[in-house]
Amino acid sequence: MIPTSDVGKRAYDLDRAYVFHSWSAQAALDPMVIAGGSGTRVWDHDGNEYLDFSSQLVNVNIGHQHSAVRDAIKAQADVLTTVAPAHANLARGEAARRILDRAGEGFSKVFFTNGGADANENAIRMARLYTGRDKVLSMYRSYHGNTGAAVVATGDWRRVPNEYARGHVHFFGPFSYRSEFWSDSPQQESERALHHLRRVIQSEGAASIAAILIETIPGTAGVLVPPPGYLAGVRALADEFGIVLIFDEVMAGFGRTGDWFAFQSLPDSSGEITVPDLITFAKGVNSGYVPVGGVIISPAIAAAFDETVFPGGLTYSGHPLAMASIVGALDAMESEGIVANAKRVGADVIGPGLRALQAKHPSIIGEVRGLGVFWALDLVADSETREPVSPSVIGALKKTLLSLGLLPFFADNRLHVVPPCVVTDDEVARALDLYDQAFSSL
Ligand SMILES: Cc1ncc(COP(=O)(O)O)c(C=O)c1O
């Protein structure tokens, strides 16, 4: 995607000469230059505009360049641009209070980090110190970040070259479409996945397990919405064996599912929600305008550090520009009904639209799953065997969608449909039309 304008070329050339990129062999990279954005759109320096149905890395929940967040950062910059974590600061307290208000009953403190990985790192540390135990159980189909323990808690391929932290054990979570448990209903999948988890806990020795760390809805692994009863079953196992339950809501939290947190979107049949002991967050809390993340802590775990030192900290824990951006983002999301928009648009427009797309392209769209603005299409080469499509098909779809003016999000054999929470019905209709054109062009 070599730009044509001088400024675009300069941005591209500087990147290729000097920037070392994440998760990539560097030589063959051909990055797209993004110059600006607004709401659900981004553009390059050459006048090409794209509908951003990636939300970048599924983090721009409030949309690009929201004035409330920009203004909050600017106002804070005029007052105080940095402050040590040991001091109290108004923006930090206001941010923590707003996060706790949204998390609801069961939480009393927030520890701020620089992003999602170190949020998980510190949640794991809290669980280990609180229980005096060592092991952390997490799913094979998961991503928890790129630091020492977080990347080893990760289930996907990114763990393998980084496997230096000890005490990590993996298990299979539920995934009805590609079941590890030979199940033929979501209920059976839930029961069998819980039985498997119980057996892993027993086999590892329950008294050695500090935490079960799960993405409430595994995101990068394919928007794997857990079947009814699963989260409550994991909570019950954690309670039975004295294990701390951590929900990683880095991708799923702050509006993506149509609620403030994904666990609030998944009540059981009697309307009860499953509440963890620790929640990790980042991304949507301020839509990534300034790097930030954190851990939301239950009163019992917070109290364990009332008289005992918590041996962890970061120079930028609760950085004022990040804190101001959280206050700006959360207030605007509430007053403008942005989370409610994600819920409505998911239920009324995206879900029905993607199912209609599947009905039109049944040989390639194997399954549609998701909620809110958090969806995935599982793309198959054979709808009977469910064999995933080849990388070349994904490459072709990506190229076509970009040429049509849509910035997509692909992971393995899946197209993730993850626009900002502010997306309009018309923008969804346009995206559905472009997806349809891309599938038709194969
Ligand atoms: C569920 C989940 N946890 C943790 C992380 C890591 O967050 P960060 O990249 O901010 O460290 C991510 C990033 O994509 C994620 O999706």
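How do the residues of the lining of the second largest pocket divide into nonpolar, polar and charged? The notes below take up that question after a word on the model.

1. Basis of the model. This is a predicted model, in which local features need pLDDT of at least 70 and side-chain atom pairs count only at pLDDT 80 or more, while totals for chains, interfaces and linings use all residues. Residues are numbered from 1 along each chain as its sequence is written, and side-chain values use heavy atoms, with hydrogens and water left out.

2. The second largest pocket. The lining of this pocket divides into 10 nonpolar, 3 polar and 3 charged residues, where Ala, Val, Leu, Ile, Met, Phe, Trp, Tyr, Cys and Pro count as nonpolar, Asp, Glu, Lys and Arg as charged, and the others, Gly among them, as polar. The space in the second largest pocket comes to about 400 Å³, and of the 16 residues that line the second largest pocket, Lys-109, Val-110, Phe-111, Ile-297 and Phe-310 are the closest to its centre. Strand S4 (residues 109–113) gives the most to this lining, with 4 residues. On a 1 Å grid over the protein atoms alone, a pocket is an open set of points with protein on both sides within 12 Å along at least five of seven lines, a cavity is a set where a 1.4 Å probe fits but cannot get out, and lining residues have an atom within 4 Å of a point.

3. The sheet of 7 strands. Strand S4 also belongs to an open sheet of 7 strands with mixed pairing, in the order S4-S10-S9-S8-S7-S5-S6; strands are DSSP runs (E, at least two residues) and helices likewise (H or I, at least four), numbered from the N terminus, and two strands pair if DSSP finds at least two bridges between them. The edge strands, each pairing on one side only, are S4 and strand S6 (168–171). Within this sheet, strand S5 (residues 135–139) pairs with strand S7 (residues 209–215) in the parallel sense over 4 bridges, and Val-136 stands opposite Ala-211 in S7.

4. The largest cavity. A search of the whole structure finds 1 cavity of 30 Å³ or more, and the largest cavity has a volume of about 60 Å³. Of the 13 residues that line the largest cavity, the closest to its centre are Met-139, Pro-174, Pro-218, Leu-224 and Pro-226. S7 and helix H8 (230–241) each supply at least two residues of this lining, which divides into 9 nonpolar, 2 polar and 2 charged residues.

5. The ligand site. For polar contacts, pairs of N or O atoms within 3.5 Å, a polar backbone atom of Gly-116 is 2.8 Å from an oxygen atom of the ligand, and a polar backbone atom of Tyr-143 is 3.3 Å from a nitrogen atom of the ligand. With Asp-248 a polar side-chain atom is involved, at 2.7 Å from a nitrogen atom of the ligand.

6. The sheet of 4 strands. An open sheet with mixed pairing is formed by 4 strands in the order S1-S2-S3-S14, and its edge strands are strand S1 (36–38) and S14, each of which pairs on one side only. Strand S2 (residues 41–43) and strand S3 (residues 49–52) pair in the antiparallel sense over 3 bridges, with Trp-43 opposite Glu-49 in S3. The hairpin of S2 and S3 has 5 residues between the strands, and in this hairpin Gly-47 takes a positive phi near 90 degrees. S3 also pairs with strand S14 (residues 406–407), in the parallel sense over 2 bridges, and the bridge partner of Asp-52 in S14 is Leu-407.

Technical notes:
Grid points are joined across faces, edges and corners, and a volume is the space filled by probe spheres set on the points. A polar contact is a pair of N or O atoms within 3.5 Å; within protein, one must be able to donate a hydrogen and the other to accept it, and residues adjacent in sequence count only if both atoms are side-chain atoms.
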